[in-house]
Amino acid sequence: MESDLGKYPDFQPFLVGKTGFYPGVFNFDTNSFSFSFPVSFTYVGDYFREIDSRAIKGNWTLVNSAELNRVYVKNMDRVSLFYDIEKNVVLFIRDERHKKSINQSE
């Protein structure tokens, strides 16, 4: 699955500092996937400042922000990042946003 990441150039801003790869899950029914990776950052704030900057440049919108996680959206994609400070590992989850979640008035 790591070799498949090149097929998704929009996700590259979120992979900064990636020093390894732990396979995750791919769900064909929902077209979602997840994986984890260790990062070279030792401080979570530095990691998310870099990610936030790169995501904005890549036209992603930050929709949820907390000390140890972020959620970004772009078109029909939603990316959630969760930082495990004990292991210095990031969990990456990609799923599709549904039309109702894009426009709550429908």
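The model is predicted: local features need pLDDT of at least 70, side-chain atom pairs count only at pLDDT 80 or more, and totals for chains, interfaces and linings use all residues. Residues are numbered from 1 along each chain as its sequence is written, and side-chain values use heavy atoms, with hydrogens and water left out.

Begin by displaying the rings of Phe, Tyr and Trp (its six-membered ring), which pair if their centres lie within 6.5 Å; planes under 30 degrees apart count as stacked, over 60 as edge-to-face and the rest as tilted.

Select Phe 14 and Tyr 72. Their ring centres are 4.9 Å apart and their planes stand at 45 degrees, so this pair is tilted. Because Phe 14 belongs to the segment before β1 (22–27) and Tyr 72 to strand β4 (residues 69–74), the pair ties together parts 58 residues apart in sequence. Strands (E, at least two residues) are DSSP runs, numbered from the N terminus. Phe 14 is buried at a relative accessible area of 0%, and Tyr 72 is buried at 1%; buried means under 20% relative accessible area (1.4 Å probe, protein chains only).

Next, select Phe 35 and Phe 92. With ring centres 4.7 Å apart and planes at 20 degrees, the pair is stacked. Phe 35 lies in strand β2 (residues 32–38) and Phe 92 in strand β6 (residues 89–96), so parts 57 residues apart in sequence are tied together. Both Phe 35 and Phe 92 are buried.

Now widen the selection to the cluster linked by ring pairs, whose members include Tyr 8, Phe 26, Trp 60, Tyr 72 and Phe 92.

Key: Helix = DSSP H or I, 4+ residues; strand = E, 2+ residues; numbered from the N terminus. Buried < 20%, exposed > 50% of the residue type's maximum accessible area, 1.4 Å probe, protein only.
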